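Hi,

Handing this one over to you. Please open it first, then read the notes below.

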Amino acid sequence: MEDNMNEVKLLKGNEAIALAAIRYGYDGFFGYPITPQSEVLETLALEKPWETTGMVVLQAESELASINMIYAAGSTGKCAFTSSSSPGIALMQEGMSYMAATELPGLIVSVQRGGPGLGTIQPSQSDYDQAVYGGGNGDYNVIVLAPDSVQEMSDFVGLAKELMFKWRTPVMILSDGAIGQMMEKVVLPPFTPRRTDEEIYAQCPWAANGMHLKERHYNYISSLELDPVLMEKRNEALQAKFRKIEAEEVRYEEYQTEDAEYLIVAFGLSARISMSTVDDLRKEGHKVGLLRPITLWPFPSERINELAGKCKGILTVELNAGQMVRDVRSAVAGKTEVRFYGRLGGMLPSPKEVSDAMLELITTKK
């Protein structure tokens, strides 16, 4: 193992995910290859962390197997993750619902490709609804982090580890094929040792890991409850936890919003493109700003509502047919007009295309 220091490397986003997981002390990875995220598994295979940190790396037989292995690892208090892309994540939704119901930690990395169906291997943001609202059954949420750089791909692996154990909940990193494949300079974290069994026992008294049974009762983990009265109480407890997460874990970034008369709301790759748009429009004398949601759930509704009261109009920019725009309109609550601009099927807009869409909005408000 290398010295316990930060290291700078030129990496793909998928490679950064893998190397960060090793350095943040993850216990295991269980996944299945699918473009455009296969480099996560490939990088782990090349690094062989089982020889250095003891981290388990396994290519499962399917995405269904992968998510259930994450479920099993989380039930013992271990820190494990999986990664996939759009159709593969769809197969994992049932397992994610089970994990949310049983309050188990685990990280799911989703590197989006264009859909629906098998679609294309090109980048997209058309899985916003899948991530934020979930395809699994029941009333549940998972924390969703949206990186806009390879650096954040690395950083959010550490943040996800913190959040999944703080709240006993699955966490998703929602990326896309462009960020997963592009290369940037990354400052990797120093090595954090994997937790010992005694540390897991102390930190996860709820875990079903068979440790210290003479000192505690058996822990039983199940999402099944046939008594509707008890099932309602369990649901109410989950909803109370979700409201606390909404109150404490909202994250976002603002750019040039102090005097903004018009606002762009965009996440991930769309936010990077939109930042250039803001600069271009500012040079032309238009007071435009950008809000980038970092947590897609919990969503920064309160801040968007505040900015809406000062803005003449808002434009959401997404690589889909219009998904986040519904949450933005809900947050704005009619205070100002909200328009949508998007590209589909793996097509990426240029900053000028976004500028043109914003100028159409500006023109109607003069």
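Helices α3 and α4 are roughly parallel to each other, because angles under 35 degrees count as roughly parallel, over 145 as roughly antiparallel, 65 to 115 as roughly perpendicular and the rest as oblique. Their axes cross at roughly 20° and come within 8 Å. Axes here are lines fitted to C-alpha atoms, for helices over the stretch in contact, and angles run from 0 to 180 degrees between N-to-C directions. Helix α3 covers residues 63–75, and α4 covers residues 86–102. Helices (H or I, at least four residues) and strands (E, at least two) are DSSP runs, numbered from the N terminus.

A note on the source: this is a predicted model, in which local features need pLDDT of at least 70 and side-chain atom pairs count only at pLDDT 80 or more, while totals for chains, interfaces and linings use all residues. Residues are numbered from 1 along each chain as its sequence is written, and side-chain values use heavy atoms, with hydrogens and water left out.

On the α3 side, the contact (heavy atoms within 4.5 Å) is made by Glu 63, Leu 64, Ser 66, Ile 67, Ile 70 and Tyr 71. On the α4 side, the residues include Leu 91, Met 92, Met 96 and Met 99. By class, this contact has nine nonpolar, four polar and one charged residues. The classes: Ala, Val, Leu, Ile, Met, Phe, Trp, Tyr, Cys and Pro are nonpolar, Asp, Glu, Lys and Arg are charged, and the others, Gly among them, are polar.

Buried means under 20% relative accessible area, exposed over 50%, partly exposed in between (1.4 Å probe, protein chains only). Leaving out residues up to four places away in sequence, Ala 101 touches Ser 223 and Leu 238. Its C-alpha atom is 34 Å from that of Leu 344, 243 residues apart along the chain.

Next, the sheet. Seven strands form an open sheet with mixed pairing, in the order β3-β2-β4-β5-β7-β6-β12. Two strands pair if DSSP finds at least two bridges between them. The edge strands, β3 (56–59) and β12 (295–297), each pair on one side only. From one strand to the next, the twist averages 20°. Strands β2 (residues 28–31) and β4 (residues 80–84) pair in the parallel sense over two bridges. Gly 28 has Ala 80 in β4 as its bridge partner. Helix α4 lies across β4, β5 and β7, running at about 155° to β5.

Now the other helix pair. How do α1 and α2 lie relative to each other? They are oblique. Their axes come within 8 Å and cross at roughly 45°. This crossing is right-handed. Contact residues include Ile 17 and Ile 22 of α1, and Val 40 and Leu 44 of α2. The residues of this contact divide into six nonpolar, two polar and three charged.

Last, Gly 25. This residue lies in the loop between α1 and β2. Gly 25 is buried, with a relative accessible area of 3%. Not counting residues up to four places away in sequence, Gly 25 touches Lys 161, Thr 192 and Arg 194.

Best wishes

Technical notes
Left-handed = near helix turned anticlockwise from the far one by under 90°.
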